[in-house]
Amino acid sequence: MSIMDPTTDNGSSDGPGDGPGSGPGDRPGNSPNGPGDASGDPVNASGGGPDNSPDAPTDGPLAFQLVLLRRMADHQPGLVEDALRTLGASRADLREANRRWQAWAHSPRSRGAVGRYRSLLGRPESVTTRRIGDLTCEALTWPVPLWPDLRFEVLTGPQGTAWNAWLVRAPGAPGPDLRTTDDLVPWSCTVDEVARAFAPARPMEGTAPTRWRLAFTAPDAQGERRATVAEFTWGLLQRTIE
């Protein structure tokens, strides 16, 4: 399942650029949204210096969190307003961060997706090798201050192309206890956590490159099983539809 390719999604008039991802089955590029860095710009996952494009956002970690929040505002405006207060940012700051992200992603001087993440977020907290079927990739993770128990993870292919980018649970951080549909609280869980808790879950096409949907059957608080669709942005649960 694919999440973020900021080179191909303009969002709404002030919506964010989105990016590559993989789904619960960890199959890079096996998504209705296509592979992550559609520009095909290979960037070495372990190296790379700053992007010198004049369009590059300043105050990288804050700007990146604002980009994440812009798409989430479509479904959870109240939670986004709370997050903006936590960050000491305004709606105008959110729109400006998104505008700069879009301009940067489309600039001919811009590097590939992995290079942009590195320029905004700095050196990854961790870089690990991962096997997915017959493929070997590297997983790069960065902390996200708004969600201390989560990490922003980018999976890269053999030549550094971004396959997938989304929020995942940090190593050692306790995940939610997902037993019923009542436990599916917005911003409380990630795509892979819901897919494991309510297997078998069927991936569905999202409405934008940073969005996923999972269809599954789960019990409600009274034990009645219900067909449910969970919608995610950047890998984080936004809402459920029955």
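Analyst: Helices α1 and α4 pack at an angle of about 125°, and their axes lie 7 Å apart. Axes here are lines fitted to C-alpha atoms, for helices over the stretch in contact, with angles from 0 to 180 degrees between N-to-C directions. α1 and α4 are therefore oblique to each other. Angles under 35 degrees count as roughly parallel, over 145 as roughly antiparallel, 65 to 115 as roughly perpendicular, and the rest as oblique.

This is a predicted model, in which local features need pLDDT of at least 70 and side-chain atom pairs pLDDT 80 or more, while totals for chains, interfaces and linings use all residues. Residues are numbered from 1 along each chain as its sequence is written, and side-chain values use heavy atoms, without hydrogens or water.

Helices (H or I, at least four residues) and strands (E, at least two) are DSSP runs, numbered from the N terminus. In the α1–α4 pair, Gly60, Pro61 and Phe64 of α1 meet Tyr117, Leu120 and Leu121 of α4. Contact means heavy atoms within 4.5 Å.

Now α1 itself. Its 13 residues should span 18 Å at 1.5 Å a residue, and its end C-alpha atoms are 19 Å apart, which agrees. The expected span is 1.5 Å times one less than the number of residues. Of those 13 residues, 11 are buried, so α1 is largely enclosed by the rest of the structure. Buried means under 20% relative accessible area, exposed over 50%, and partly exposed in between (1.4 Å probe, protein chains only). Among the buried residues of α1 are Phe64, Gln65, Arg70 and Arg71.

α1 also packs on α3, at an angle of about 100° with axes 8 Å apart. That makes α1 roughly perpendicular to α3. From α1, Ala63, Phe64, Leu66, Val67, Leu69 and Arg70 take part; from α3, they meet Asp93, Leu94, Ala97, Asn98 and Trp101.

On α3, the buried residues are Leu94, Ala97, Asn98, Trp101, Gln102, Trp104 and Ala105. Seen down the axis of α3, they fall within an arc of 165°, so they line one face of the helix. The arc is taken from the directions between the helix axis and the C-beta atoms. Their cover includes α1 (60–72), α2 (77–87) and α4 (113–121). α3 (residues 91–106) has 16 residues and reaches 23 Å between its first and last C-alpha, close to the 22 Å expected.
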